[in-house]
Amino acid sequence: MLSKKPNIVILMADQLAAGALSAYGNNVSKTPNIDKLAREGVVFNSAYCNSPLCAPSRASLMTGQLISRNGVYDNAAEFRAESPTFCHYLRQEGYRTYLAGKMHFCGPDQLHGFDERLTTDIYPADFGWTPDWRHPERRLDWFHNMSSVLDAGECIRTNQLDFDDEALFHTRQKLFDLARRNDDRPFLLMMSLTHPHDPFAIPRRYLDRYRAQDIDLPRVAAGDAPPDAHSRRLRAMYQLTDGLLDDDQIRRARHAYYGALAYVDDRFGEVRDTLDATGLADDTIIILISDHGEMLGERGLWYKMNFFEGASRVPMIIHAPGRFAPRRVEQSVSLADLLPTLRELATGRPLTEDEQAAPLDGRSLVPHLRGETGPDGVYAEYLAEGALAPMVMIRRGPWKFIASLGEPDLLYDVRQDPRELVNLALSPAFAPQLLQFQREARARWNLSDLNRHILTSQRARLFLTRALGRSGAPDWDYQPWQDASHRFIRNHQSLDEQEALARYPRPPSTL
């Protein structure tokens with residue numbers, strides 16, 4: 001490993017399924033920039049989110065903890081300011097930390113260790129999206145519905161395009177600023193885009209990268225997947241009734257999703273081009289991830305909110321060819337593993353238990369990066385809308401185990417059955433494996449206690465939302481700030497000084 005502390009750039013997409021990328025075997029998507037990162041980097045073939053929903057997944061990424069520990073149960077649960085994040089650990093090692101784009105922090109702390117947020121967030125930061133497990137029959141007005149699929153296709157402009165274009169602009173501007181300043185401190189910069197998250201709408205130029213006849217349909221149709229209680233609830237929640245979608249509508253939505261992947265790939269490519277142009281590339285580790293996947297009609301399901309491969313498996317590529325040889329890692333890892341990984345990349349040594357500011361559930365992936373024996377195993381939780389009680393997953397070796405209070409267990413051999421069609425929990429031949437996972441789940445989680453904590457949190461947040469109303473909701477949405485008195489041409493420096501400092505590379509006469 002090089003002696004200099006590396007810069008770190010995290011490229012994050014929203015709702016990007018690993019299986020939708022050609023780097024993970026997809027034959028339709030066109031993402032040459034991501035493909036290049038994969039060829040030159042370490043690709044984790046079996047990486048998972050720790051919760052298949054935006055805010056909880058991102059909280060696990062930031063804290064290295066499961067959401068049962070950090071309390072970010074759903075998309076309206078407060079991310080507490082007392083939670084140490086990877087930004088705090090890196091700041092302690094002399095890093096400057098920056099964020100452009102989405103992170104979906106709920107609550108008054110909108111930084112969580114970042115020195116600067118360069119943009120606002122696309123989603124609200126209050127309690128308005130709190131689920132209510134006490135009344136599962138009620139459909140809340142912010143739930144997903146099928147409009148994202150029914151209205152999929154071409155657009156000229158959307159909220160998400162406005163937001164992601166702004167995130168890219170500020171990301172590139174910050175890289176230029178960092179290159180122009182005489183400051184040797186390392187930095188972490190995270191650009192988090194909202195695409196390819198639904199709604200599935202993208203400009204024609206991205207749709208035209210694909211022929212309509214090449215867009216694939218789901219490999220497992222709704223009628224081909226064995227029924228399970230949670231899938232039935234999800235379809236009811238987002239109002240997917242039998243016969244609502246035909247093949248043309250499904251193909252149009254998937255086409256728009258692939259178009260959004262091309263948009264994301266272009267944006268990631270621009271960031272990498274900027275690193276090259278500024279001379280920062282050789283000293284920078286690039287990490288590509290997503291917060292969760294997208295079902296895209298597989299098993300008759302859309303969006304996320306479940307533990308099937310489409311929703312819970314995410315891309316993870318760590319690109320540092322000067323430090324780590326390209327390879328593929330088959331062991332199962334998770335987003336929670338990135339905090340100890342980042343800390344070890346920054347310091348060159350593992351984070352000891354005594355150095356942990358709070359208990360961690362993640363483990364460093366640096367052994368995998370070096371080609372050594374590394375961790376294999378993922379714990380995940382889903383504690384939000386569409387569930388009736390806590391749902392948990394254990395993924396290790398070939399196995400995936402899923403459990404929830406009051407519902408039958410699921411056990412899949414993902415290597416032999418990648419489409420998860422055969423529930424081995426029903427087979428006496430696999431009773432020993434099932435019993436082992438059941439015991440492990442009981443040792444790790446007290447699901448009854450966790451259920452009580454979640455219901456208490458939901459009840460309090462729902463009460464506060466009703467009591468405050470829309471007009472009284474706390475204004476926690478992040479307001480980015482810029483010091484205009486030191487931008488462009490001002491009189492605190494001579495004109496020649498300002499022009500020289502803003503030019504990259506510097507004019508020879510000023511060196």
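These legends describe close-up views of a predicted model. In this predicted model, local features need pLDDT of at least 70 and side-chain atom pairs count only at pLDDT 80 or more, while totals for chains, interfaces and linings use all residues. Residues are numbered from 1 along each chain as its sequence is written, and side-chain values use heavy atoms, with hydrogens and water left out.

**View 1. Helix H6 beside helix H9.** H6 spans residues 159-180 and H9 spans residues 247-277. Helices (H or I, at least four residues) and strands (E, at least two) are DSSP runs, numbered from the N terminus. The two axes come within 9 Å and cross at roughly 10°. Axes are lines fitted to C-alpha atoms, for helices over the stretch in contact, and angles run from 0 to 180 degrees between N-to-C directions. H6 is therefore roughly parallel to H9 (angles under 35 degrees count as roughly parallel, over 145 as roughly antiparallel, 65 to 115 as roughly perpendicular and the rest as oblique).

**View 2. Residues between H6 and H9.** From H6, Leu161, Asp164, Asp165, Leu168, Thr171, Arg172, Leu175 and Phe176 take part. They meet Tyr263, Arg267, Glu270, Val271, Thr274 and Leu275 of H9. Contact means heavy atoms within 4.5 Å. The residues of this contact divide into seven nonpolar, two polar and five charged (Ala, Val, Leu, Ile, Met, Phe, Trp, Tyr, Cys and Pro count as nonpolar, Asp, Glu, Lys and Arg as charged, and the others, Gly among them, as polar).

**View 3. An open four-stranded sheet.** The strand order is E12-E13-E14-E15, with antiparallel pairing. Two strands pair if DSSP finds at least two bridges between them. E12 (378-382) and E15 (407-413) are the edge strands, each pairing on one side only. The twist averages 15° from one strand to the next. Five bridges join E12 to E13 (residues 391-396). Glu381 stands opposite Val392 in E13.

**View 4. Helix H8 against the sheet strands.** H8 covers residues 229-237, and its buried residues are His230, Ser231, Arg233, Leu234, Arg235 and Met237. Buried means under 20% relative accessible area, exposed over 50%, partly exposed in between (1.4 Å probe, protein chains only). The buried residues of H8 pack against E12, E13 and E15. At the start of H8, a side-chain oxygen of Asp228 reaches to within 3.3 Å of the backbone nitrogen of His230. Gln239 follows H8, with a positive phi near 60°.

**View 5. Leu511 after helix H15.** Leu511 lies in the segment after H15 (495-502). Leu511 counts as exposed because its relative accessibility is 77%. Its C-alpha atom is separated by 48 Å from that of Ala20, 491 residues apart along the chain.

Terms used: Polar contact = N/O pair within 3.5 Å; in protein donor to acceptor, adjacent residues only side chain to side chain.
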